[in-house]
Amino acid sequence: MRQNPRFAKRMKDVKESLESNPIQILTSPSDKCPFHKCDGTGWIWIKDWSKRNTNEKDEWQEECECYEQLMKQKEIERKLDLAQVPPIFKDATVNSFDIKRYKKKESRDTAEIARKAATNYVYNFKTMQEHGKGLYLFSEVKGSGKTRLISSVANALVKMYGVDLAFLKADDLLTQIKKTYNDNANTSEDEIVKLFRNVEVLVIDDIAVEKPNEFSERIFFKVLDYRMEHRKVTLFTGNKTIDNLGEVYIEGRVHSRIKKMALEVYMPEESIRDDEAEIENKELEKMLFG
Ligand SMILES: Nc1ncnc2c1ncn2[C@@H]1O[C@H](COP(=O)(O)OP(=O)(O)OP(=O)(O)O)[C@@H](O)[C@H]1O
Ligand SMILES: [Mg+2]
Ligand SMILES: [Zn+2]
C-alpha cells in the first residue's frame, strides 16, 4: 500500500527529532505549579525514547522545583486540620480582625491595642516561645471577639512557624476526662492529660468559666504545671482577669502558674455577637415575613 507522502514525511521528522533529543517531558505544565513546570503534583514524568524496546527503564518521575514548597504547604494544612480551631474561625487572620465593628470609641481603642499585641506576639513568637510565654485574652462581656482573635493568632503560628497546636475548649477537656471514668472507656485521664501537656502550643479557650471545684483545679494544675516547667506556650481566653482566677481555682496553684505563663491582653467590653445576631436575624426575618 502506498503511504501518503505528507504523513511519511511527518513520521520521519518525528523519528529524527526523537533520535536527536530522545528525552521528552510527558507532564503538561499548569498554573497550579508556581514554577509552571509540573501539573501541580510536584512531580514531572519523563520519557526516554532511546530506551524504548530495551530492558532499561524508559519512563520515570522527577521532583519538580515546587515539590518541597508543596510538601511544606501540605504539612501546614495537616497541622491546621489537627489543631481543631473552631470551624467558623478556620480562616480568621489577625489582619481581618475588624476594629470598626465595635460601636463605642473606648472599645475601638481597646481593640486596636489588642490587635497590635496579637500581631506583635506573632512576629516575636520565637522569643516568646523561648520564655514559654503565651497570651491571656480577657473580657467580662461575652461575644467581644476573644475566641476570634486567639484563633487568628493560632492560625498564624501554624502557618508562619509550622508549630504543632491544639485548640481546646476548657470545658471540653473536663468532659473528655470525665468520660474516661466510664467502665468501658478506652482512654485514661493520664493519656488525655499527657496529650495536652506535650503539644507544642496549646490554646485553652474559656478558662475558669466553671464553678469552683476540686476536679477542674486538679486537671488544669496537672496540665499547666508541666507546661510551665517545660516552657511550653499556652494561649488562653477567659472572662475573669488573671488576678481574679483565684475565685475559681481557690488553691491558687493554677492561678499563679497562668500568671507566670501568659501576658494579659484586655479585650473590649462590648459584644459583637449581639450586634451580629441582630443584623443576621433582620435579614432572615425579611425572608420569613416579607
Ligand atoms: N473584630 C472582629 N471582627 C470581625 N468579627 C468579629 C470580631 N470580633 C468578634 N467578631 C465576631 O463576633 C462573634 C463573637 O466573637 P467571639 O466568639 O470571638 O467572642 P468571645 O469573646 O469569645 O465570646 P465568649 O465570651 O462568649 O466566648 C463571632 O461571630 C465573631 O465572628
Ligand atoms: Mg469565646
Ligand atoms: Zn511544580
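**The ligand 1 site**

The largest pocket is lined by 20 residues, and Phe89, Gly143, Ser144, Gly145 and Arg148 are the ones nearest its centre. A pocket is an open set of points on a 1 Å grid over the protein atoms alone, with protein on both sides within 12 Å along at least five of seven lines; lining residues have an atom within 4 Å of a point. The model is predicted: local features need pLDDT of at least 70, side-chain atom pairs count only at pLDDT 80 or more, and totals for chains, interfaces and linings use all residues. Residues are numbered from 1 along each chain as its sequence is written, chains are lettered from A and ligands numbered from 1 in the order in which they are written, and side-chain values use heavy atoms, with hydrogens and water left out.

The largest pocket holds about 520 Å³ of space, a volume being the space filled by probe spheres set on the points. Its lining divides into six nonpolar, six polar and eight charged residues. Gly counts as polar here, and Asp, Glu, Lys and Arg count as charged.

Ligand 1 sits in this pocket; more than half of its atoms must lie within 2 Å of the grid points. Helices H5 (146–161) and H10 (272–289) each give two or more residues to the shell around ligand 1. Helices are DSSP runs (H or I) of at least four residues.

The shell around ligand 1 comprises four nonpolar, four polar and eight charged residues.

Polar contacts are pairs of N or O atoms within 3.5 Å. An oxygen atom of ligand 1 lies 2.9 Å from a side-chain N or O atom of Lys146. For a polar side-chain atom of Arg273, the distance to a ligand 1 oxygen atom is 3.0 Å. A polar backbone atom of Gly145 is 3.1 Å from an oxygen atom of ligand 1.

Technical notes. Polar contact = N/O pair within 3.5 Å; in protein donor to acceptor, adjacent residues only side chain to side chain. 1 Å grid on protein atoms, 1.4 Å probe; cavity = no way out; pocket = protein on both sides within 12 Å on 5 of 7 lines; lining within 4 Å.
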